[in-house]
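Hello,

Please find the structure below.

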Amino acid sequence: MVQDTRQCVYYNTKFDVKHCDESSLCYFISGTPLSGTLIVLIHGTGGSHSHFDSLLPILVNTGYCVLTCDLPYHGESQPEIASRPIHPISFDKIAENLSHALETYKQLYSPQKSVNLVLGGISMGGFFVQACLRQRMSAWKALGLNTGAIIAMGCNSIHLQSPRMEWMDFFTTVMDNSPEKQQIIDTLRMSIPMSSVDPITQAKATHSLNLVHDEILFQYLVACASLVPKKPSFSSPNEFQFQDQPLPVPHILLHGDTDILTESFMSGWFAWVQENKIACTLNRIPNAGHLVCLDNGVTLAQSIVDSLSAWNLEDSPIHSSSSPF
């Protein structure tokens, strides 16, 4: 339980949120809650809140407060290790729970003043935060929760129509009783840790993954695939096509230097956001693979701080004369 000792600095202290349903999440808070800007970080499929541990010292010492969690049926957000889900995974229900947590945070630490939010996620978590902002940003603003930026790590835009990540089209069509399903899950269990470049971080990724049931891994990827628009009837293989408009907030796009596939998708995303005259940075993190937050969290955190320092976010611990608006 986070004590109401508002000047204390916390690291991964449990943040109790009363929300009695099966999508309830275990939240963790780091930093001083009254810092002004709250950075929310969401892990990927088979991950945990601990995947962001190496980012915390720089973010907290800069003056930010950081909220992380274990998504449903990951880590501590499940009845027991590798629990099988009772109902299908729903991003809408998870977003509802996150909204409740943010409202609880505001009521406890900033009841009279708006809270500036920076939402970030890696891989599947990056897809989730985009969907969350697309649906809830206006409602959050009405509650005094103002979105200042989005951080996307190792993922592509949920508005991307073409080119396609082949696995996404597959997951929208594969049947639950398909003989290929277990092969896919087994491949995931091997490929997720190996997307990290360091044996130590690979072991950490494997540990988090072993806490998650096979069915959960499958359902989260199906949920991701369901977010992207349908493939257009005609598309050029070398031309990026997006649906609608980018989210109307500054974008921080980040990927590891060996994450070649994601790099091409994020480069196209970056160009699209810039074309729409929205502030955006794209940074290639050295000595890192797809799980960039595990491989080089220190450089990743500094890159986030540097990007935010260029934008005069309201109540941010860092200010500059350069504003994206």
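Salt bridges

Counting as a salt bridge any side-chain nitrogen of Lys or Arg within 4 Å of a carboxyl oxygen of Asp or Glu, the total is four salt bridges. The model is a predicted one, in which local features need pLDDT of at least 70 and side-chain atom pairs count only at pLDDT 80 or more, while totals for chains, interfaces and linings use all residues. Residues are numbered from 1 along each chain as its sequence is written, and side-chain values use heavy atoms, with hydrogens and water left out.

Helices and strands below are DSSP runs numbered from the N terminus (helices: H or I, at least four residues; strands: E, at least two). Buried stands for under 20% relative accessible area, exposed for over 50%, and partly exposed for what lies in between (1.4 Å probe, protein chains only).

One of the salt bridges is between Lys14 and Glu76, whose closest N and O atoms are 2.8 Å apart. This pair links distant parts of the chain: Lys14 belongs to strand 1 (residues 10-15), Glu76 to the loop between strand 4 (65-70) and helix 2 (91-109), and 62 residues separate them. Lys14 is partly exposed, at a relative accessible area of 38%, and Glu76 is also partly exposed, at 42%.

Lys181 and Glu215 form another, with 2.7 Å between the closest N and O atoms. Here helix 5 (residues 180-194), which holds Lys181, is linked to helix 7 (residues 214-225), which holds Glu215; the two residues are 34 residues apart. Both Lys181 and Glu215 are buried.

A further salt bridge joins Arg284 to Glu263, the closest N and O atoms lying 3.2 Å apart. Arg284 is in strand 10 (residues 280-285) and Glu263 in helix 8 (residues 260-275), 21 residues apart. Arg284 is partly exposed, with a relative accessible area of 48%.

Strand 3 (residues 37-42) is largely enclosed by the rest of the structure, because six of its six residues are buried. In a regular strand, side chains alternate between the two faces of the sheet. In strand 3, Thr37, Ile39 and Leu41 point one way, and Leu38, Val40 and Ile42 the other way.

Two strands are taken to pair if DSSP finds at least two bridges between them. Strand 3 runs parallel to strand 5 (residues 115-122), and six bridges join them; Thr37 stands opposite Asn116 of strand 5. Strand 3 is also parallel to strand 4, with four bridges, and Leu41 has Thr68 in strand 4 as its bridge partner. From strand 3 the chain passes through helix 1 (residues 56-62) to strand 4, a right-handed β-α-β crossover (with the strands pointing away from the viewer, the path from the first strand over the helix to the second runs clockwise).

Helix 7 is mostly covered, with ten of its twelve residues buried. Its buried residues pack against helix 2, helix 3 (124-142), helix 4 (166-171), helix 5 and helix 6 (199-209), where contact means heavy atoms within 4.5 Å. The expected span of a helix is 1.5 Å times one less than its number of residues. For helix 7 this should be 16 Å, and its end C-alpha atoms are 17 Å apart, which agrees.

The buried residues of helix 10 include Gly297, Leu300, Ala301 and Ser303.

Regards
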